[in-house]
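Dear colleague,

I am passing on the structure we spoke about, with the sequence and coordinates placed just below. After it you will find my notes on what turned up when I went through it.

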Amino acid sequence: MSEKDVKNLEEIFEARIARDEKIEPKDWMPEKYRQTHIRQISQHAHSEIIGMLPEGNWITRAPSLRRKAALLAKVQDEAGHGLYLYSACETLGISRDELYEQLHSGKAKYSSIFNYPTITWADMGAIGWLVDGAAIINQVPLCNTSFGPYARAMVRVCKEESFHQRQGYEIMLTLCRGTEEQKAMAQDALNRWWWPSLMMFGPTDAESVHTEQSMKWKLKRKSNDELRQQFIDQTVPQADLLGITIPDPDLKWNEEKGQYDFGEIDWDEFWQVVKGHGPCNKERMNARVNAWNNGEWVRDAAMAYAEKNEKRKVAKAS
Amino acid sequence: MKNLNLYNYILTIADNSLILAQRLGELCGHGPNLETDIALTNISLDLLGQTRSYYQYAAKISGEDKTEDDIAFLRIEREYKNCLLVEQPNTHFGHVIGRQFLFDSYHLMLMEKLQDSPDETLAAIAKKGIKEVSYHKRFSSDWVKRLGDGTEESNAKMQEAIDDLWHYTDELFFMTEAEKVLAEDGIGVDISTFKKKYYEEVSEILKEATLSVPENKYFAKGGKEGVHTEYMGYIMADLQYMQRTYPNMTW
Amino acid sequence: MTEKRNWPLWEIFVRSKNGLEHRHFGSLHAADAEMALENARDVYTRRNEGVSIWVVESKHITASNPVNNGEMFEPAKDKVYRHPTFYDLPDEVKHM
C-alpha cells in the first residue's frame, strides 16, 4: 500500500469515528490505533487483576459472614472484569499470555493505586467508596468508546460494578455509625486513600501526553483535571454525610465556580509509585508472577489431557 | 440448651463449609489462571452461603441471643467441629483439587440423604445445596482427571496430594455423639451407610485419572471432636482477627 | 515433547431465557470444550444471566472480511420492494 493510500484510509477511518461509528476488530485501522488500544485495554485489564490483591488480602479476615461473601464476590468480579478486558484486547491480535508477559516483565503499567497497602478493615470501605468511585468516573464514558469490543466489555463491567461502590460506602457508613474506635479507623482510611484516589485521574492536563489523540478516538471524553474535579465535587458531600474529614486543609467550596477548590497534589509521590517505588509494587508483582509460574504445570496438564482425549475420540471413531 | 444435639449436629455439617470456604478464600487472586480463579471463588461463595443458612438456623434453635456471626467467629478452636480434611492447606493446586474432590464426593452423598430429613429447615438447606455441591463435584472430579491423566509432572503432583489427603478421609465417617443421636431419631443422616459407596466412587475416579488408590492402614481423626491439626490455629487467627480485636461491634 | 500450546480461545453464546436466541456474550480460555462450558458458566452466568450455553472454539468461526463489505452488503440496500412500505395502498384497507 502506498503512503497516499494509507493516508486516504486513515481519513476515512477518522471520519467513521467522528460519525460515532464503531470500529470492529477486522476493520482496517491505523497501526497507532491498534497499539494505543492494546496498551490502554491491557493496562486496564492488568489493573483489574492486580486490584484483586489488596482486597483479597482481607477476605480471610472479613469481620462478618455477610461482609466476607460480599468482598469475595467483589474480588471475583474483578477477575471477571480482567477477563472481559483481556478478551477485548485479544481481538487486536495479541494473546493473553503475551499481555501477561508484558505485565510480569514490568513493560506494561497498571493503576498505581493498587501499590498502596490495605492495613485495616476500613481500607475495604475506602477502596470501594473512593477507588471504585474514581474508577466509575473514568469508566462510564468508555462504554461509548470507538473500539467495539472495548465498549462492550465496559458496558458489562460498569453494570456489574454498580454494587462495588455501594458495598464500600456501606462499610464506611457502618464504621462511622459505630464506636469511636471504628470511626477513627474510617477516618484513618480516608486520610490514607484520599490523595492516591485523586492521583488515579493521572497527571494534570498540562502534563498529560496522550489526551488529544485519546479524545479523538473516544478513549477519553473529558480531561484528567475535569474528571478529578467531578470526583471531588461528588465525593465531598458523601464524606460529610459520613461525618469524617477529607485530609485537605485547602478544600473549600468556591461559590463563583460552583465547585470545590482543593490543595496541591504531591506529584513526587505520584511519580515515585508509577516508577515502581511505591509501598507494595514489588509485592503485587511477585504475587502475580508466582501465581502464574506456580500455575504453569496445571495449565500444561489440562492441555495435555485435552489432547489425549481428542486422540482417544479419534481412535474410537475410526 | 434444649436442642443441644441438633445444635451440635448442625455445626458438624456447617463448620466444614465454613473452613473450606475460608481455605478457598485464601486463593482468590492466586489461581493458575483467571478462569480457574473465578470457578474456585464460586465454590467458596456457595459454601459460605450454606454456612450462613446453617448458622442462622443454629442461632435460632440455640434459644440464646446468638447470631450467625457469633457462631462463626466467637468460638474457641476446640468448639469447631469440622473434619481435618477441610482445614488442610493449599500446598499446591493438586492439594486444592484433591481436598475438594475428596470432600465433594462425601458432601454430595450427605446432602442427598439430608434432603429427606423430617427437619424441614435442614431438608431445605440440603435441597438447595445439592445443586451447588453436584457442580462442585463435577468440577473437582474433572480436574482430578485432568491433573492425573495430564502430564507426568501433574500426575506425580496429583498423586502426592491424594496420598497426603487420604489420611483424613476415614474421619468423614466418624460419628460424633450428636450425629449418633440424630441418626437414631431419624433427623440426621447415618453417614456410615454410604462409606463403602464413597470409597468405591472415589476409587473409580482416581483409577480413571490413572492414579493409584492409597492403601492406608492408619487414619487421622479428631477434628469432629474439636481436636484439630496445627493449621487450625492460624485459620482461627485470620477468621477471628476482627471480632477478637474489636469485640462487641457491628460491622 | 511437542511445542507448548496455550489454552485456546472460545466464543461464548448464552440464552438468557427460553424463547430468546443465544447471544454472543464474550470469550474465554479453556483447554477443551467441557472446560469451556464450565468456565462460561462461572464467568458469564454468575448473576443468573442464562439458561443455556453454547461454546465454540474461536478458530472455527469463519468471518466475512470487512474489505468486501461493499459487494457483500451494499447490493441489499436498494431492494426497497422487500419492505412493506414500498407498496401504496388506500387508507381504507385495514389489517394489512
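A:Arg228 is buried, since its relative accessible area is 1%, and in this predicted model its side chain takes part in a salt bridge with A:Asp225, in which the closest N and O atoms are 2.9 Å apart. The two residues both belong to helix 9 of chain A and are three residues apart, about one turn of the helix. A:Asp225, for its part, counts as partly exposed because its relative accessibility is 28%, a value that falls between the 20% limit for buried and the 50% limit for exposed.

Over all chains, a search of the whole structure finds 40 salt bridges, and some of the others deserve a look. A:Lys218 forms one with A:Asp20, with the closest N and O atoms 3.3 Å apart. Because A:Lys218 lies in the loop between helix 8 and helix 9 of chain A, while A:Asp20 lies in the loop between helix 1 (3-18) and helix 2 (31-56), this pair ties together parts of the chain that are 198 residues apart in sequence. A:Lys218 counts as buried, at 13% relative accessibility, and its backbone is also of interest, as its phi is near 65°, a positive value in a residue other than glycine. Most residues other than glycine have a negative phi. B:Asn248 likewise has a positive phi, near 60°, but this residue is placed in the segment after helix 10 (231-245) of chain B and counts as exposed, with 80% relative accessibility.

Another salt bridge is formed by the side chains of B:Glu35 and A:Arg96, at 2.6 Å from N to O. Since B:Glu35 lies in helix 2 (residues 34-61) of chain B and A:Arg96 in helix 4 (residues 96-104) of chain A, the pair joins two chains, and both of these residues are buried.

Leaving aside residues up to four places away in sequence, B:His136 touches B:Ile43, B:Asp46, B:Leu47, B:Gln100 and B:Asp104.

Chain C contains two helices and three strands, which follow the pattern β-β-α-β-α along the sequence. Its radius of gyration is 22 Å, well over the 12 Å that the globule rule gives for 96 residues, so chain C is more spread out than a compact globule. The C-alpha trace spans about 75 × 35 × 15 Å along its principal axes, and 29% of the 96 residues count as buried. Of the contacts in chain C with a separation of 6 or more, 42% are accounted for by residues 24 or more positions apart. The accessible surface of this chain comes to about 7000 Å², of which 54% belongs to carbon and sulfur atoms.

A nonpolar surface patch of about 410 Å² is made by C:Val80, C:Tyr81, C:Phe86 and C:Tyr87. Among them, C:Val80 is placed in the segment after helix 2 (69-73) of chain C and counts as partly exposed, at 42% relative accessibility.

Note on methods: Residues are numbered from 1 along each chain as its sequence is written. Chains are lettered from A and ligands numbered from 1 in the order in which they are written. This is a predicted model: local features need pLDDT of at least 70, side-chain atom pairs count only at pLDDT 80 or more; totals for chains, interfaces and linings use all residues. Side-chain values use heavy atoms; hydrogens and water are left out. Patches are made of residues with over 30% relative accessible area and no salt bridge: like charges are joined within 9 Å, nonpolar side chains (Val, Leu, Ile, Met, Phe, Trp, Tyr) within 5 Å. Accessible areas come from the Shrake-Rupley method with a 1.4 Å probe; for residues, only the protein chains shown count as cover. A salt bridge is a side-chain nitrogen of Lys or Arg within 4 Å of a carboxyl oxygen of Asp or Glu. Helices (H or I, at least four residues) and strands (E, at least two) are DSSP runs, numbered from the N terminus. Buried means under 20% relative accessible area, exposed over 50%, partly exposed in between (1.4 Å probe, protein chains only). Contact means heavy atoms within 4.5 Å. The radius of gyration is taken over C-alpha atoms; the globule rule is 2.2 Å times the number of residues to the power 0.38.
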